[in-house]
Amino acid sequence: MFDVRDLTTSYGPVRALDGVSFTAREGEVTAVLGANGAGKTTLLRTASGLVRAERGQVRLDGRDVTRAPAEDMARLGLAHVPEGRGVITELTVEENLRLGGLHRPARARRADVERICGLFPVLGERYDATAHVLSGGERQMLVIGRALMAAPKVLLLDEPSLGLAPRIVTQIFDLLRSLVASEGLTVVLVEQNARSALSIADVGVVLNLGKVVVQDEAAALAADEKLRHAYLGF
Ligand SMILES: Nc1ncnc2c1ncn2[C@@H]1O[C@H](COP(=O)(O)OP(=O)(O)O)[C@@H](O)[C@H]1O
Ligand SMILES: [Mg+2]
């Protein structure tokens, strides 16, 4: 479904991604783990066309999208939720959601807003509120909801747990899990919080200094004490 081959990206002389290859299977959560600076954000930014790949390929459903411009990615079925929960605080929850479906026909957009509020009841309750009243966890739900407005096949998430209380992280990860089950979504979940991410992921990919150290079933990675200590911080 989502596949990168030999993906390589540099910022000037700094090689941030160095020949990264892995596959995220359809209808699964693939966690991309690794310390700060491992290249996780660069991977997502390259995959979604925000940064140019120096070498290698990004494939979506077998189709090469490596050189597709970022603004075409939604139409191609890829949604990227960047780090930092960037909601527009002056707009209402509904208006923020609608921004995610601008390329969809108006009628589909209305149905999509209802669908998202069904998936995230807390957004439905705050439909007309301006986003600045939302908590961190609610903002994270809003940016995920906004990405789902584009009806993606593949959802890329950059550190959704960052700065949230453990209880809220569990709530958001449980929601992600049920989205994968109900919508058949393919999720690539980038996290420094490896313990939580592995608890909901099917597969994990560990990055270090821009390279893949290992890709394996999540349970196998969580059980590997040496690997956990060396790369996963738990
Ligand atoms: N805009 C940038 N300009 C130069 N170097 C960058 C830039 N963004 C990231 N890097 C470098 O690329 C490497 C990977 O960073 P990043 O992808 O942000 O890692 P992670 O998300 O895993 O923390 C790091 O060495 C980082 O310093
Ligand atoms: Mg990052």
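A residue counts as buried when its relative accessible area is under 20%, as exposed when it is over 50%, and as partly exposed in between. The model examined here is predicted.

**Exercise 1.** Determine whether R98 and E94 are buried or partly exposed, and state how their side chains meet.

*Solution.* Step 1: the relative accessibility of E94 is 18%. This value is under 20%, so E94 counts as buried.
Step 1: R98 has a relative accessibility of 24% and therefore counts as partly exposed.
Step 2: the two side chains form a salt bridge, with 2.9 Å from N to O.
Step 3: R98 and E94 are four residues apart in helix α3 (residues 93–99), which means that about one helical turn separates them.

**Exercise 2.** Describe the open sheet: state the order of its strands and identify the edge strands.

*Solution.* Step 1: six strands make up the open sheet, in the order β6-β7-β8-β3-β9-β10, with mixed pairing.
Step 1: β6 (78–81) and β10 (211–217) each pair on one side only and are the edge strands.
Step 2: from one strand to the next, the twist averages 15°.
Step 3: β6 pairs with β7 (residues 154–158) in the parallel sense, over four bridges. The bridge partner of L78 in β7 is V154.

**Exercise 3.** Locate the partners in the salt bridges R15 with E54 and K40 with E159.

*Solution.* Step 1: the whole structure contains 17 salt bridges.
Step 1: in the bridge between R15 and E54, the closest N and O atoms are 2.8 Å apart. R15 belongs to strand β2 (residues 14–24), and E54 to the loop between α1 (40–47) and β4 (55–60), 39 residues apart.
Step 2: R15, at 39% relative accessible area, is partly exposed, and E54, at 37%, is also partly exposed.
Step 3: K40 and E159 form a salt bridge at 4.0 Å, N to O. K40 lies in helix α1 and E159 in the loop between β7 and α7, so this pair ties together parts 119 residues apart in sequence.
Step 4: K40 is buried at 5%, and E159 is buried at 6%.

Notes. Residues are numbered from 1 along each chain as its sequence is written. Chains are lettered from A and ligands numbered from 1 in the order in which they are written. This is a predicted model: local features need pLDDT of at least 70, side-chain atom pairs count only at pLDDT 80 or more; totals for chains, interfaces and linings use all residues. Side-chain values use heavy atoms; hydrogens and water are left out. Two strands pair if DSSP finds at least two bridges between them. Helices (H or I, at least four residues) and strands (E, at least two) are DSSP runs, numbered from the N terminus. Axes are lines fitted to C-alpha atoms, for helices over the stretch in contact, and angles run from 0 to 180 degrees between N-to-C directions. Buried means under 20% relative accessible area, exposed over 50%, partly exposed in between (1.4 Å probe, protein chains only).
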